[in-house]
Amino acid sequence: MALAAKLQLRQSQSLVMTPQLMQSIRLLQFTHVELEHFIDEEIERNPLLERAEPQDDAAGDQAQKIEAEPQTTTDGDWFENETQWSAEAISDKLDTSLENLFPDDPGTSERLGPDLTAQWKSASGNGASSSSEGFDAGDMAAAAITLRDHVGEQVALAFADPAARLIAADLADGLDESGYLRADMAEIAARLGTDAAAVGKVLAVCQTFEPAGLFARDLAECLSLQLAVRDRLDPAMKALIANLELLGRRDFHALKRICGVDEEDLLDMLAEIRALDPRPGMAFSGGASDAIVADVEVRAANDGSWTVELNAETLPRVLVDHIYFAQVSPQAKNQAEKDFLAECLQNANWLTRSLDQRAKTILKVASEIVRQQDAFLVHGVRQLKPLNLRTVADAIGMHESTVSRVTANKYMLTPRGVFELRYFFTASIAASGGGDAHSSEAVRDRIKQLIDEEKPVDVLSDDAIVDMLRESGVDIARRTVAKYREGMNIPSSVQRRREKRALASAGR
């Protein structure tokens, strides 16, 4: 058979992750802080983008801007309201059709529902973004002092000899975030050309720095340094510190024998140990933590239902400056400048529509979670229902991966507190009588309540907890009870019984 070249035509379908589609997916899973940072970067590089200013009397200026949210609830082409020039200029710039940016969410008013559309519009129209608010004195606060800065100040005051100060600075470089010294003494001595005795002498001075416990090489030394400052490092306490593994196992009988004290003295010693700080350097780790800002607010409505709205503070309001575009576009001198303006307009329009779609998607997912977990909002954690991502995705007509991205690092403010959206997705535990399944979170709460209510003379074992849960309709294995108990940092029944007996003896 002779070989010959042939020309064949084939048609196939494939999923292409274009840059715009990937960036749209990133927007879904951004937190409020990450989204604000991303928008700031976009505004810096795109002259046609700017943040909305607070509503004021300057109606003329506001009329020149087109807000981020669209004025209609129909789908249509995202660019159908643009000028003819811009449509022609950017038609060849898109790397994908605009409908592909959110393939899981048609965005129609029929799918979203008129009530949810109205709620989103009322939420997004309240106020401006956080960047446009008034002066905040907290912005002028001094930066937090780091552990290295704190130690450096004490090194400068404690050592007059330059050589000793150099050794102390090298030791400070070996501190971890908890304040423990993780450097090797012999290696420091060899690197600085000195002996281990000189390094040890400097280390002894550094271990007197505030807060007490810094420059310790292990937990026992850290606790000993703090006890020495309090003048409580007596022989009994030294013996206790030397046997921390027995303390971890709550073997109080062995500790009494080793330390040579009775139960009352041992309990006093244990109270002193609990008052110490095992990680003294953590007070200087990192700056101020970001406060949690709820993305969704849930309130009880007058008719007994729940009102779900987006938090206006987490909705960035971005404007496309068409007036500026109309002014500069006729002045473009060459094709490169025209292409640049067309790309800026395309990116600006894409961002505003993507933010609009992101807000609608979050609201749809949150509304379905509220509908599924209505009993939790009314009665509490015991009524939390088992729920998974697929259930919510099927109910709102989206893909499971989209729901997963939406619920990542998003928070909901409810009458029962602020919860991460992922909190409402819990595993299912079968019912012993064949009824409705139980949420794992509700079972954890039930286990904690049973242990909190147990009596010193009747400490519940894991098997006893299993029997009690099965009597109440929860079909659960003993290893699952042990896993949930350990996850809540609750000791075993043997350890709890030993501790309760020691406390009871001290009370007598």
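**Loops, bridges and patches**

Analyst: Aspartate 231 sits in the loop between helix 11 and helix 12 (235–241). Helices (H or I, at least four residues) and strands (E, at least two) are DSSP runs, numbered from the N terminus. The model is predicted: local features need pLDDT of at least 70, side-chain atom pairs count only at pLDDT 80 or more, and totals for chains, interfaces and linings use all residues. Residues are numbered from 1 along each chain as its sequence is written, and side-chain values use heavy atoms, with hydrogens and water left out.

User: Is aspartate 231 buried or exposed?

Analyst: Buried means under 20% relative accessible area, exposed over 50%, and partly exposed in between (1.4 Å probe, protein chains only). Aspartate 231 has a relative accessible area of 69%, so the residue is exposed.

User: What is the phi of aspartate 231?

Analyst: Most residues other than glycine have a negative phi. Aspartate 231 is not a glycine, yet its phi is positive, at about 60 degrees.

User: Which loop holds asparagine 489?

Analyst: Asparagine 489 also has a positive phi, near 60 degrees, and is a residue other than glycine. Its relative accessible area is 70%, so asparagine 489 is exposed. Its place is the loop between helix 23 (478–487) and helix 24.

User: Which residue does a cis peptide bond join to glutamate 210?

Analyst: Most peptide bonds are trans. Here omega is about -5 degrees, and the bond is cis. Glutamate 210 is joined to proline 211.

User: How many disulfides does a search of the whole structure find?

Analyst: A disulfide is a covalent bond between the sulfur atoms of two cysteines. The test used here asks for a pair of cysteine sulfur atoms within 2.5 Å. Cysteine 206 is buried at 0% relative accessible area, and cysteine 222 is buried at 0% too. The number of disulfides found in the whole structure is zero.

User: How many salt bridges does a search of the whole structure find?

Analyst: A salt bridge is a side-chain nitrogen of Lys or Arg within 4 Å of a carboxyl oxygen of Asp or Glu. Searching the whole structure for such pairs gives 23.

User: How far apart are the closest N and O atoms of arginine 232 and aspartate 234?

Analyst: Arginine 232 has 25% relative accessibility, so it counts as partly exposed. Aspartate 234 is partly exposed, also with a value of 25%. Their salt bridge brings the closest N and O atoms to 2.8 Å.

User: How many residues apart are glutamate 454 and arginine 496?

Analyst: The two side chains meet in a salt bridge, 2.7 Å from N to O. Glutamate 454 lies in the loop between helix 21 (440–452) and helix 22 (462–471), and arginine 496 lies in helix 24 (residues 493–507). Both residues are buried. The pair links distant parts of the chain, and the separation is 42 residues.

User: Which residues gather in a patch of negative charge on the surface?

Analyst: Patches are made of residues with over 30% relative accessible area and no salt bridge; like charges are joined within 9 Å, nonpolar side chains (Val, Leu, Ile, Met, Phe, Trp, Tyr) within 5 Å. Lys and Arg count as positive, Asp and Glu as negative; His and the chain ends are not counted. A charge is placed at NZ of Lys, CZ of Arg, CG of Asp or CD of Glu. The negative patch holds Asp262, Glu264, Asp265 and Asp268.

User: Which helix holds aspartate 268?

Analyst: Aspartate 268 has a relative accessible area of 44%, so it is partly exposed. Its place is helix 15 (residues 263–274).

User: About how much accessible area does the nonpolar patch of Ile292, Leu413 and Val418 have together?

Analyst: Accessible areas come from the Shrake-Rupley method with a 1.4 Å probe; for residues, only the protein chains shown count as cover. Isoleucine 292 has 54% relative accessibility, so it counts as exposed. Together, the three residues have about 250 Å².
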